[in-house]
Each structure stands twice: as structure tokens, then as C-alpha cells.
Amino acid sequence: MAESGPGTYEKVQEELHQIDIYRDTPIRFLGYSNEVGEAFRSIVPVSVVRATYVAAFGYVCADALDKSRKAHKKEWPTCSDRSKAVAVAAGDTFLWQTLASVVIPGFTINRLCYFTAILLSKTTRLPPTARKWATTAIGLGAIPFIVRPIDSAVEMGMDSWVRPLYGDSHPH
């Protein structure tokens, strides 16, 4: 039975405002489009792989714009404080997303597929087309397993090395 009564609508609205559509919804998968491209690298033209990086960086930029827009809307004591907070929000998000959604997972899937292809060529008698599809399947299958560890590692790295530089303008 659904809740009703005073404050229920407000609770739902508050919960909706806490959802980050770029990190808590399926939109997050746009950031991983380049991993899909890397998994298919042996099958598709390199221009298709590059297009997946354009999609992933589009996602990164959209999230950075969203976070900077949210920072701008908040109340700030001075225009200088607002400007700093907007810059930090945009920069932090752009760096985090670039590392966690594009660079590290893209490199990981690229190398996994590269070494899988070598291993299959040396240890199996599969025809080249079957090896390419097997490599792609392994690359695609690995994506869900690398997301959380990479996100966590990037978060810890940012908290340790980058975010202390922000001072009081830390976005989290």
C-alpha cells in the first residue's frame, strides 16, 4: 500500500533531488560506451571505436556541466566563492568521469582484448573470425566486473591526491 498523508510528496521530491542521473541511473552507461567500442575493436573499423569515445566524452562533459550548474544555483557569500565552487565542481567531475568512465576502463578493456586475442591465437585452433568474436565477448563480459573497482579506486585517489587541493570548495 502506498504511503499517503502530510509530507509524503515532499519526501518523494527530496529523494528525487538526491538521485544523480549521471551516476545513479542507466545514463551512467553512456560513459562506458568506449569500453564497448574497445571490445569490438577487432571487428569494427577504428572510426567506430573513436565514435564511442566521442559519446563517452559527451557524457563526461554533460555531467560536468550538470554539477557546475548545480553549484552555481546554490547560495554563496560572494561571487568569488560561487565562481570557485563552480570551477571546482566542473573540474572535479570532469577529472573523475574522465578517469573512471573513459581512460582507465577503456585501457583495461583494450588490454584485456589485446591479450585475449594473443592467447586465443596461440592456444586454440579457432578460425580468426571466431577468435575475434570470442575476444569481443570476453571484453563485453568483463565490463560489469570492472566498473565498481575502478570507480572506487578513482574516488580514493581523488580524495587522497586531488581534492585536498580544493580547500573548502570540495564538491562532496
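User: What is a nonpolar core here, and which residues have the most contacts inside the largest one?
Analyst: A nonpolar core is a set of buried Ala, Val, Leu, Ile, Met, Phe, Trp, Tyr and Cys residues joined through side-chain atoms within 4.5 Å. The model is predicted. Its largest nonpolar core has 15 residues, and those with the most contacts inside it are Trp96, Ile109, Val154 and Met158.

User: Which helix gives the most to this core?
Analyst: Helix 4 and helix 5 (128-162) each supply at least two residues of the core. The largest contribution, seven residues, comes from helix 5.

User: Which residues does Val154 contact, leaving aside its neighbours within four places in sequence?
Analyst: Val154 is among the residues with the most contacts inside the largest core. With neighbours within four places in sequence left aside, its contacts are Trp96, Leu99, Ala100 and Ile104.

User: How many residues does the second, separate core have?
Analyst: Tyr22, Tyr59, Val60 and Val102 are included in this second core. Tyr59 and Val60 are also listed with the buried residues of helix 3. The size of the second core is five residues.

User: What is the distance between the end C-alpha atoms of helix 3, and what span should its 28 residues have?
Analyst: Helix 3 covers residues 46-73. At 1.5 Å a residue, its 28 residues should span 40 Å. The distance between the end C-alpha atoms agrees with this, being 41 Å.

User: Which helices are included in what covers the buried residues of helix 3?
Analyst: The buried residues of helix 3 include Val49, Thr52, Ala56 and Ala71, and also Asp63, Asp66 and Lys67. Their cover includes helix 2 and helix 4 (79-123).

User: Is Asp66 buried or exposed?
Analyst: Asp66 forms a salt bridge with Arg69 (2.7 Å, N to O) and another with Lys70 (3.3 Å, N to O). Arg69 is partly exposed at a relative accessible area of 40%, and Lys70 is partly exposed at 33%. The relative accessibility of Asp66 is 8%, so Asp66 counts as buried.

User: How many residues apart are Asp66 and Lys70, and what separation in helical turns does this give?
Analyst: An α-helix has 3.6 residues a turn, so residues three or four places apart point the same way. Arg69 and Asp66 lie three residues apart in helix 3. Asp66 and Lys70 are four residues apart in this helix, so their separation is about one helical turn.

User: Which residue pairs with Asp159 in a salt bridge?
Analyst: Side chains of opposite charge can pair when their charged atoms come close. The closest N and O atoms of the pair are 2.7 Å apart, and the partner is Arg163.

User: Which residues form a nonpolar patch on the surface?
Analyst: Leu30, in the loop between helix 1 (8-18) and helix 2 (33-39), is partly exposed with a relative accessible area of 47%. This residue belongs to a patch with about 310 Å² of accessible area together. The patch is formed by Ile19, Ile21, Ile27 and Leu30.

Conventions:
Residues numbered from 1 in each chain as written. Predicted model: local features only at pLDDT ≥ 70, side-chain atom pairs only at ≥ 80, totals over all residues. Heavy atoms only, no water. Patch = residues over 30% accessible without salt bridge, like charges linked within 9 Å, V, L, I, M, F, W, Y side chains within 5 Å. Areas by Shrake-Rupley, 256 points an atom, 1.4 Å probe, with all protein chains shown as cover. Salt bridge = Lys/Arg side-chain N within 4 Å of Asp/Glu carboxyl O. Buried < 20%, exposed > 50% of the residue type's maximum accessible area, 1.4 Å probe, protein only. Expected span 1.5 Å × (residues − 1). Contact = heavy atoms within 4.5 Å.
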